[in-house]
Amino acid sequence: MSTRPNTTASVKLKVVGVSVVDPVLVTAQGDYINWSIYSSYVSNKDEVSIRFANFTDVAVNVKGSEYKIVIIK
C-alpha cells in the first residue's frame, strides 16, 4: 500500500469476533522511519481498520511492514 505525500490511507483487516466497542492496539514490529503515524479502530463487526498518515513530502510504501494487533475484550 502506497500513501501519497501529506495524506492518509487505510487498510481493513478481518478479525473474527471483534466488535465496535472493543479497544484496539497496534504495535509496529520494527522502526519504520519513512512515515509518521498510524492508528487503529474497529470499523465494523469482525473488521479492524488501520490508518496510516504520511506527513512527509514523498510517497511512502508500507508493504512488508509487520504489526501486532491486540484486541481488548
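User: How many bridges join β4 to β5, and do these strands run parallel or antiparallel?

Analyst: Keep in mind that this is a predicted model. In it, β4 and β5 run antiparallel, and 7 bridges join them.

β4 and β5 belong to an open sheet of 3 strands, ordered β2-β5-β4 with antiparallel pairing. β2 and β4 are the edge strands, each pairing on one side only. From one strand to the next, the twist averages 25°.

Then there's the packing. Val42 and Val48 both sit in the largest nonpolar core, which has 9 residues; the others are Val18, Val24, Val26, Ile50, Phe52, Val60 and Val62. β3 (24–28) and β5 (47–54) each supply at least two residues of this core, and the largest share, 3 residues, comes from β5. As a general point, nonpolar side chains in soluble globular proteins tend to be buried together.

Ile50 is worth a click in your viewer. Leaving aside residues up to four places away in sequence, Ile50 touches Ala9, Ser10, Val11, Leu13, Val26, Tyr38, Ser39, Ser40 and Ile69.

One last stop is the loop between β1 (2–3) and β2 (7–14), where you'll find Asn6. Asn6 is another non-glycine residue with a positive phi, near 55°, and it is exposed, with a relative accessible area of 53%.

Terms used:
Residues are numbered from 1 along each chain as its sequence is written. This is a predicted model: local features need pLDDT of at least 70, side-chain atom pairs count only at pLDDT 80 or more; totals for chains, interfaces and linings use all residues. Side-chain values use heavy atoms; hydrogens and water are left out. A nonpolar core is a set of buried Ala, Val, Leu, Ile, Met, Phe, Trp, Tyr and Cys residues joined through side-chain atoms within 4.5 Å. Buried means under 20% relative accessible area, exposed over 50%, partly exposed in between (1.4 Å probe, protein chains only). Helices (H or I, at least four residues) and strands (E, at least two) are DSSP runs, numbered from the N terminus. Contact means heavy atoms within 4.5 Å. Two strands pair if DSSP finds at least two bridges between them. Axes are lines fitted to C-alpha atoms, for helices over the stretch in contact, and angles run from 0 to 180 degrees between N-to-C directions.
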